[in-house]
Amino acid sequence: MRDLAEGVEGPDVVLVQTEPYGPLRPPGATGVEIEFGQQGRALNVDLVATRGVSRVLLRWKRRLPGDVLILGDAWERTYGDLSWQGHRAERPLPWMFLVHDREAAITWGAGVEVRGGAMAFWTVDPHGFSLWLDVRSGDSPVRPGSRRIHAATIHAVRGSERPFLVHGALTGLLCPDPLLPSTPLVGANNYYYAYGKDFDRAAVVRDARTIAELVGDHPVRPYGVVDDGWSPNGTADGRPGTPGPWDRPRRPQFGEMSELADAVRAEGVRPGIWFRPLLREALPAGGHGRSRDGAYAMDPSDPAALEIVSTDVSRFVEWGFEFIKHDFSTWDAFGRWGSAMGASVTGRPWQPATEPHPARGWEPADVTRTNAEVLVDLYRTIREAAGDSVILACDVIGHLAAGNTHAQRIGDDTSGLVWERTRRIGVNTLAFRLAQHGRFFVADADCVPSTRHTDWAKNRQFLDLVARSGTALFVSVDPASRTPAVDDDLSAALRLALDGGVPGGIEPLDWMTSTTPERWRGGGTVFTYDWIEQAGADPFEWGEFNR
């Protein structure tokens, strides 16, 4: 495909917010210096803020047609909420946006490069588009001293090609150095039938044997992941998400974790393990953090916290685990799920201040670095400690983790209990974030369950789609759900996924008119799925779906 990159000009309007709930003002009135520089066709944005700064607003004045469709991304995972929409001027579009002009048959857009120093989102309206660069430290101004903050590198694209291809071109520009595994990511994960409860070493080894049987003699070996529930405070005690420590199993029935890894490997499966890096029963002496889920989340800006996380990851490698899944770090850092972030990843709802010195929010241990910079350091710490092990990151800011994780869970949880959740979240995230696959990391739309509670006729279609896509495919197979027909479906899909999916990948065809596309193209074939149950889609929200 031809090069769709377009030059980025400087903005027409630049405004600065020094206090997180204060007014926007021109830079000259704030003591904050904003510097722009060309990097090829991209535009660099740096800032120096000796007195502190919270946000920078950049505005480009352009007249947009009324009959356009607009697409953005998500802060961390998606929650069944991505779609092409018409003008909605206040809608935050994290990281990147695309505009499809239906009359001109042109798609164009812009985004910020991965691992920048700001939490960045766009807004688009009929009179132009704006980029908000959130450089807060916690919910307070960052005070970097004389240090220059590289807030963003902005790239742009424009083309008459299909919007899906333009989307891929944009994501390719935004990450010049993805960290990709040497083989497809395929395996077993028991979470969606066990949900962290009532499993032991024998169950882990049984699941490894199952996945080995299903893939047969395929030369690429699958993974067997020990998910939540193995550690001393595992979910069997009823807690929503496990706090550490991560130095031993919860039950004697697990035995030594190094022996468990060896037992999984003996089945011809590569051993993997899950953990929640920031949550602890108690903070270390002198450590910094905040109360979270009945325990304490360590402050990732604290070097002592990063040392503890590094030690945990190194221990998993020493035990022999070749795959490490880390989870919950965005929630633990900010106390907010991506679905609730809106225009602000943390802090109070927007309240324009009338006082000369408006109140600030919470502060982390290190106020000299932005939230974005702190998270990049956390992800880098995990990657460096993992050595040659493959990393799957869940509940992370994927735009900041790209280059420091091999794979990202791109959507919220699927379900082994309710098919509607898998339809809303799994299908939506695969369609609207597929462009990131292989360009940012390996995309993981989450597990395909095989359980007694969900309709296999629906799950097998999701299984087929994920296998064809070449993205990560992990299955949660309840032993009680296995039949010869189910095993045949699983075996064919797993082996296709281990081959890397269909040649050339897949593409959603009706994604501009549906949040859960049913028509897809891949390998020269158009295939259609039926995601809707007999009674239609469930229009209600329920506790498991709506965090």
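Reader: How many cavities of 30 Å³ or more does the structure hold?

Author: A cavity is a set of points, on a 1 Å grid over the protein atoms alone, where a 1.4 Å probe fits but cannot get out. This structure holds four cavities of 30 Å³ or more. The model is a predicted one, in which local features need pLDDT of at least 70 and side-chain atom pairs count only at pLDDT 80 or more, while totals for chains, interfaces and linings use all residues. Residues are numbered from 1 along each chain as its sequence is written, and side-chain values use heavy atoms, without hydrogens or water.

Reader: How much space lies in the largest cavity, and which residues line it?

Author: A volume is the space filled by probe spheres set on the grid points, which are joined across faces, edges and corners; for the largest cavity this is about 70 Å³. Lining residues have an atom within 4 Å of a point, and here they are Ala188, Asn189, Asn190, Val204, Asp207, Ala208, Gly224, Val225 and Val226. Strand 13 (186-189), helix 3 (201-215) and strand 14 (223-226) each give two or more residues to this lining. Such elements are DSSP runs numbered from the N terminus: helices are H or I with at least four residues, strands E with at least two. The lining has five nonpolar residues, three polar and one charged; Asp, Glu, Lys and Arg count as charged, Ala, Val, Leu, Ile, Met, Phe, Trp, Tyr, Cys and Pro as nonpolar, and the others, Gly among them, as polar.

Reader: Which residues of helix 3 are buried, and what covers them?

Author: Buried means under 20% relative accessible area, with a 1.4 Å probe and protein chains only. In helix 3 the buried residues are Ala203, Val204, Val205, Asp207, Ala208, Thr210, Ile211, Ala212, Leu214 and Val215. Their cover, judged by contact (heavy atoms within 4.5 Å), includes strand 13, strand 14 and helix 11 (484-498). After helix 3 comes Gly216, with a positive phi near 65 degrees.

Reader: Where is Thr242 placed, and is this residue buried or exposed?

Author: Thr242 lies in the loop between strand 14 and helix 4 (257-266). Because its relative accessible area is 0%, Thr242 is buried. Its side chain is joined to that of Asp228 by a polar contact of 2.3 Å, a polar contact being a pair of N or O atoms within 3.5 Å; within protein, one must be able to donate a hydrogen and the other to accept it, and residues adjacent in sequence count only if both atoms are side-chain atoms.

Conventions. 1 Å grid on protein atoms, 1.4 Å probe; cavity = no way out; pocket = protein on both sides within 12 Å on 5 of 7 lines; lining within 4 Å. Buried < 20%, exposed > 50% of the residue type's maximum accessible area, 1.4 Å probe, protein only.
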